[in-house]
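Visitor: I would like to learn how to read a structure like this. Could we take a few features in turn?

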Amino acid sequence: MWVVDDIEVARKAIKGDEEAFVTLMQIHKEALLRTALAFLKNEHDALEALQETTYRAFKKIGTLKEPAYAKTWLIRITINYCQDQLKKDKRYVRDGKSADSAVSDNLTQLELQEALSILSADEQQLIYMKYFQDVKIKDIAALEKIPEGTVKSRLHKTLRTLRSHFEGKGEMDHV
Amino acid sequence: MYEKEEQKLTGFKDRLEQVALPLEAADGAIMQGLERAKREKLQARAKRKRTLWSLAAAALIILTLVTTIRVSPAFANAVASIPGMEEFVELIQNDKGLQGVFENEYYQPIGESQTIGNATLTIDGVILDESGMNIFYTIESAVEMGDIVIEGPALENQQDVPPSSISYNHPITQEDSPRRYSDILGFTFQDPVKFEDLNFTLELPIILDGTKFDFSVPFTIPENVKPSIVYEMNEEVEVEGQKFTVKDVTIHPLRIGVRISFDSKNTMKVLQFEDMRLEDQNGEVWGSIMNGISSRGEDENGDYVYFLQSNYFETPEELYLRINKMQAVDKENASLVIDTEKGSLINTPKDDNLEMVHSSRDGFELTLKTPLEEEFNFGLGAGLTDANGKKVDVASEGMGFKEDNIRSWTVDINDDGYINPVKMELFAYPNYINGDVKIELKK
């Protein structure tokens, strides 16, 4: 086995090399599946998300300018898809308790999805990129083409929203 | 400041990382997504070149031939001198005739526009001759445009504009969402015409991201057409027992029309002339078959007109019309007859190269095996009639690539209660007869 340079693979994929594109998807499939699982309820849905991400990514790979951002770019496609799905079928997340057949298989997921569901789509992405993919604020700013300061203030606002959510939950737990 | 929240999120992340992933199934999902995207790209490519015909016996080429022709310095200079032309270069550089038009300043800049809401249509310029009008236009929008649908463009003049076939590129691919889109609307007149009055109006209804815009832009063309040159020929030739008469060749700035009538005693129906061309005494090619609209169906005299790229602006000493191969099928097999409910092919050319993939009242898909050495870039035909001879409402039809020598012909039908079987006259088919036709064009 030999080590493949991820960026080189991404560069080739952007130029339209199909084999490189498949390699790129394989390199990142773990991260993409995990992303989908953070938003959706089970393996089956996560695999659907991966298929859809592959489909969308292949069609738009030419628009990706910076090969170094291939991974975050793919994750954003996955999140966008997941968010579309959630909008279509709110029962998955909005209220885990009442949607009997659609309860997430895993408690962590359920709790996480409940927390994410109180945030806007952009805030969900921001939180996911920062805390689940460890993307630096500098890179988020570059990707979104906004100043770092803006990213920071959005992050604070989002964390504040989450604080009240968690605190609310905490109080509930004590009752 | 938000340590607790951050800890909580990190906790989620750690636990999420413990979840087992379906990694093996993942590769399958990737391949499925890829296949789906590839399939769609091919279909999109096949549908890119769309042509509308108003003639009954009309037919069309759907695939755009991609050929590379060297761009001459004269052409490059001519184009560089016209503001805004760079966006059109790609669209015209494959046609020698159009290059000649620009080198000889026969393109006429217009610059009329109309703004409706946040969209503006500009007519950048036109090329007019007796055979048609090419309108170079640009649509601009204040916001990114995701989808443009062009609906029945029309030209108006004091005089009647003859029924025309209209060609244009399918505007926007899903990959890009520009704020500026440029293309050429090509009107090919059914019969040559000369307009006395050069005031025209272009009616161009478009649907831009779901909103309808009825553009209507009046414009005046500064100079009238250069006269077309007609060579009377009336020469009968024979290829593998099939006889036809080349009646005349008319050289317009935009295209050359070669009018041909076929002997009614022929056993085969001749479809397309793929290599019809004009050559000089040294064998250099001056006009080859055009991309896009390559021919016009039968007229009232039973004649067919085939179009070549023009050599209007440069004529060599001697000029010959050459044909070496043509597409032809036995007359009784020159139409496809299909029962969409049974999924059966009732009549097809007798070479077993067509196969039914699937079929229902909503449409069908056929595969066509093509000879490996041939570049078959045609649609099979246009339009269907039902068992009662009534026109079937065809939503779309298109040719796509499956493998190197397998094409797929897809027809979508709006089921309006048509009666099976349905029939389509073949417009093109990869079965060839060969010969060596060489006729001099005499002034």
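Visitor: How many residues lie between S2(B) and S3(B) in their hairpin, and which residue in the turn has a positive phi?

Guide: Keep in mind that this model is predicted. To read a hairpin, find the two strands and then look at what links them. Here S2(B) and S3(B) have two residues between them, and B:Gly117 in the turn has a positive phi of about 55 degrees.

Visitor: In which sense do S2(B) and S3(B) pair, and over how many bridges?

Guide: Strand S2 (residues 108-116) of chain B pairs with S3(B) in the antiparallel sense, over seven bridges.

Visitor: What joins S3(B) to S4(B)?

Guide: A hairpin again, through two residues. S3(B) and strand S4 (residues 132-141) of chain B are antiparallel and share 10 bridges.

Visitor: Why is S3(B) largely enclosed by the rest of the structure?

Guide: Count its buried residues. In strand S3 (residues 119-129) of chain B, 10 of the 11 residues are buried, so the strand is largely enclosed.

Visitor: How many residues of chain A and of chain B are in contact?

Guide: For an interface, count the residues on each side. Contacts involve 32 residues of chain A and 26 residues of chain B. On the chain A side, H3(A) gives the largest share, 11 residues. That side divides into 16 nonpolar, eight polar and eight charged residues.

Note on methods:
Residues are numbered from 1 along each chain as its sequence is written. Chains are lettered from A and ligands numbered from 1 in the order in which they are written. This is a predicted model: local features need pLDDT of at least 70, side-chain atom pairs count only at pLDDT 80 or more; totals for chains, interfaces and linings use all residues. Two residues are in contact if their C-beta atoms, placed from the backbone, lie within 7 Å. Helices (H or I, at least four residues) and strands (E, at least two) are DSSP runs, numbered from the N terminus. Ala, Val, Leu, Ile, Met, Phe, Trp, Tyr, Cys and Pro count as nonpolar, Asp, Glu, Lys and Arg as charged, and the others, Gly among them, as polar. A residue is buried if 20 or more other C-beta atoms lie within 10 Å of its own, exposed if 12 or fewer, and partly exposed in between; C-beta atoms are placed from the backbone. Two strands pair if DSSP finds at least two bridges between them.
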